[in-house]
Structure formats: C-alpha cells, structure tokens
Amino acid sequence: MREFSEKINLRRGFLSISKVKSIDNFFFGEGSFSQIEKIIQERQEIHVKGGLTSKFVFYFDDFFGHDNEIVKKCSCIENVDIKFIDTRDEPSTEQINKLRDDLIEEGLPSGLVAIGGGITLDTVKALSNLLGNDGNAEDYQGWDLLKRKGVYKIGIPTVSGTGAESSRTCVLINQKNGLKLGMNSDFTLFDMLILDPDLSKTVPKNIFFYTLTDAFFHSMEPLSGSLRNPIADSYALMAKNLCEEVFALDEIKSNVGRSKAMLASFFGGIAIANSMTALVHPFSAGLSVVLKVPHTLANCLVLLAMEEFYPEERATIIQAIQKHNIEVPRDICSKLSDKQFDDLYASTIVHEKPLSNGLGENFKDILTKNKVQEIFERI
Ligand code: NAD
Ligand code: ZN
C-alpha cells in the first residue's frame, strides 16, 4: 500500500479533471455473454414502453461468420438484425456516414450492439452518435461537439487492450483531410458492456499480445508524464499491474490471462480518458498514418526504439516478447525515402500535448528532426 501511495504522488504537475463520467452498467466474467438474450429482451421492453421500436442491430467483427455459434444465438433473438464489420481498415468518417444512411433506409433501430475489437466497438459508438445528431461524422471529430445522446448501445469486446469499450471516444479517419481523430464526448460512452473473457479464446497469440500491450501503454505513458491526477494514476496502476501479471504467466491466453487482460483493457481505457499519453502514442500515430502499421503493433515497435526514454518498460516488453515467442516485424523503416521520413516527423511532432506531457513544453529541443528520424531508423 505504501508503495502504491508513493507511486501516485503528484511529483511534477497536475492535470485537473472537473468531472468523471464512466460506464454505468457492465457484466464481467467467464460465460457472461450467455445473458445476452435476457439483456436484449429487457431493453426491448423498456424501449417499447418509451414509444421506441424494439429493433436492435448487432454488428459483429467479420472474423465471426454466419455459422459462428454466438452469431446464431443472437440471430434467434426476436427483432434483431445481424451485420458484419470488415476490420481490414480502421473506420473512416465516410464509412460511418454510409452505415448511418443504410440504417435510416432499413428502418431505425432503438439499440445497437458491437461484438468485436476496437474497430467494431468504435464503429458502433460513432454510428449511435450520428443517429442522435444531425450532420455527418466529420462534424463531430473533436471534443464535446455532440449535442444529444445517440441510440442505446452495448459493447462486447472480443479482444482486449485498446480500452475502446470504456473510453469516451471513437477514433475515425477522415480521408479527405487526413485527420485521425475521435468523437470525444460523454455521449460516446457505451450504455452497457458485457466483458466475457471466453470471447477472446480464438484470438491468435500475436494479436492477443500486441492488443494487450495497448493497455500497458495506456497506463505507463500517463504514469511517466508530468501531467498527473490521482484518478487516472489509480486506474493506470491497476491496468499496468494486470498487464505485467499476464506477461508473467506461462500462457498469456489461459483463462486467468484472458480475464486479467480484459480488466486491464477496461481500466486502461478509463485511465486514458482522464489523462494523456506521452511519447509512444505520437510516434505510433506517425507509423500508422504514414506506413499503415496497425496501432497496437506500432506502439510496441516504437517502444523498442526508445531505450533512452523508457528503459524499464522496454525491458518489460522485451522480456515478454521473448518469453511468449512473439513475432516482431523488423526493418520497417530501414529503406524509407527522405519524403517518408519528413512525413513521419510531421505526423509525430503534431501531437504537441502528449509530447509535452512526456518531455515538457520544450520537447522540440530534445525531439529535433534528426532525433526523431534516428528513433524511426531503429524500427
Ligand atoms: P481490431 O478491431 O482490428 O481487432 C484486431 C484483430 O483481431 C482483427 O483482425 C479482428 O478480426 C481480430 N479479432 C477480434 N476478436 C477476435 C476473436 N475473438 N477471435 C479471433 N480474432 C479476433 O483491432 P484492435 O486493435 O482491437 O482495435 C484497433 C482500433 O481501435 C483502431 O481503429 C484504433 O484507432 C482504435 N482505438 C480506439 C480507442 C478508443 O478509445 N476508442 C483506443 C485505442 C485504439
Ligand atoms: Zn492506444
């Protein structure tokens, strides 16, 4: 306990938070997905009494096909439509506008359910927001721009780490202006979550590992920064400890590993919603925007190249990679053109707030163009 209090002391700064809004209702535990029919039927009754339709639309990650047992179970629930989300690309504003138009044409639902990873969860959060607000998805990329709550939404993560289930944002790419930004709003929070570790049994080990490390970064980056607050610190410490407990297991995907990973993701999402990342996420965003490296893999590759900033955390990740035989792609930045390095620099250095959190207001004195390129060259 003493160690815990020492870790959350506010040594260097204070990031004020005026209000904390978090998930109202969630189920947690192996087998909790079995409650789905009852949960939907209860909501349908409430919606019909309130003068709404009873129609729910379920969006599944397309890893789950029509023949999957849980898809079949959900399609038996009365007045439920089943749809699938292609997860090859991260969600775009254009795609969300199109999905909204499709729903309006087919008849508006009173509830949406997301079953999948960060892409599926964010898609449904954005779609719900748009059904409750005029205009298009790009109008709401930013902070607190939504005027009203959207339709009721349930999040059911099937891979753990991004914290998309508990955060107040849904990250979208606007292909017209190249902006990758979320709809940050209390309205974006899910109304209910079902956190069932059984659902992540089928995730391939490498994807499971890299996704889990996102929760590690959502905790270690705020904890290493200068802008701290005791609420985010407390959630971050819980998430970081849980990640380290999973790394220490012989089998990260054991029952215990999947349960702890699901909790780490949930707590990491709350930590990041009330604080800020530091050095890893800005560099990772650069890799994702310029070279299309997936978010969770990009974070790890960046950390491996940041020995001078995060020696302890880097050692933790290297040890976990070795222990669990995780494949690490190499030489991603070894043959890039000057233009690509320029683009990587620009798309990293633009993230001023987290970089200041990591290195102070004068971060550009340390992260010179040469230094940024040197870090990318190690990847
Ligand atoms: P993802 O949704 O693509 O899922 C990762 C992979 O795992 C996919 O190939 C998917 O098909 C597969 N998968 C998921 N569940 C599975 C299962 N049970 N069995 C087998 N395979 C399964 O990626 P992700 O890493 O979960 O999410 C990335 C997205 O999340 C990005 O768009 C990123 O911007 C966003 N994100 C959002 C937040 C937020 O707070 N909203 C935070 C971080 C990242
Ligand atoms: Zn992240």
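Two strands count as paired if DSSP finds at least two bridges between them, and helices (H or I, at least four residues) and strands (E, at least two) are DSSP runs numbered from the N terminus. This is a predicted model, so local features need pLDDT of at least 70, side-chain atom pairs count only at pLDDT 80 or more, and totals for chains, interfaces and linings use all residues. Residues are numbered from 1 along each chain as its sequence is written, chains are lettered from A and ligands numbered from 1 in the order in which they are written, and side-chain values use heavy atoms, with hydrogens and water left out.

Let's start with the six-stranded sheet. Strand S2 (residues 56–61) and strand S4 (residues 111–116) run parallel and share five bridges, with Val57 sitting opposite Leu112 in S4. Zoom out and you get an open sheet of six strands, ordered S1-S9-S6-S4-S2-S3, with parallel pairing. Strand S1 (25–28) and strand S3 (80–85) are the edges; each has a single partner strand, so one side of each has no neighbour in the sheet. From one strand to the next, the twist averages 15°.

Asp86 is partly exposed, at 31% relative accessible area (buried means under 20%, exposed over 50%, partly exposed in between, with a 1.4 Å probe and protein chains only). Asp86 and Ile119 are 33 residues apart in sequence, yet their C-alpha atoms are 8.8 Å apart in space.

Now for the other sheet. Three strands make an open sheet in the order S5-S8-S7, and the pairing is mixed. Its edge strands are S5 (142–143) and S7 (171–174), each pairing on one side only. Strands of a sheet pair through backbone hydrogen bonds, either parallel or antiparallel. S5 pairs with strand S8 (residues 179–184) in the parallel sense over two bridges: Gly142 stands opposite Met183, and Trp143 has Asn184 as its bridge partner. S7 and S8, by contrast, run antiparallel and are joined by four bridges, with Asn174 opposite Leu179. The hairpin of S7 and S8 has four residues between the strands, and in it Gly178 takes a positive phi near 75°.

His218 lies in helix H6 (residues 205–224) and His295 in helix H10 (residues 295–304), so the pair ties together parts 77 residues apart in sequence. His218 counts as buried at 5% relative accessibility, while His295 is partly exposed at 22%.

The axes of H10 and helix H11 (residues 311–323) come within 9 Å and cross at roughly 120°; axes are lines fitted to C-alpha atoms, for helices over the stretch in contact, and angles run from 0 to 180 degrees between N-to-C directions.
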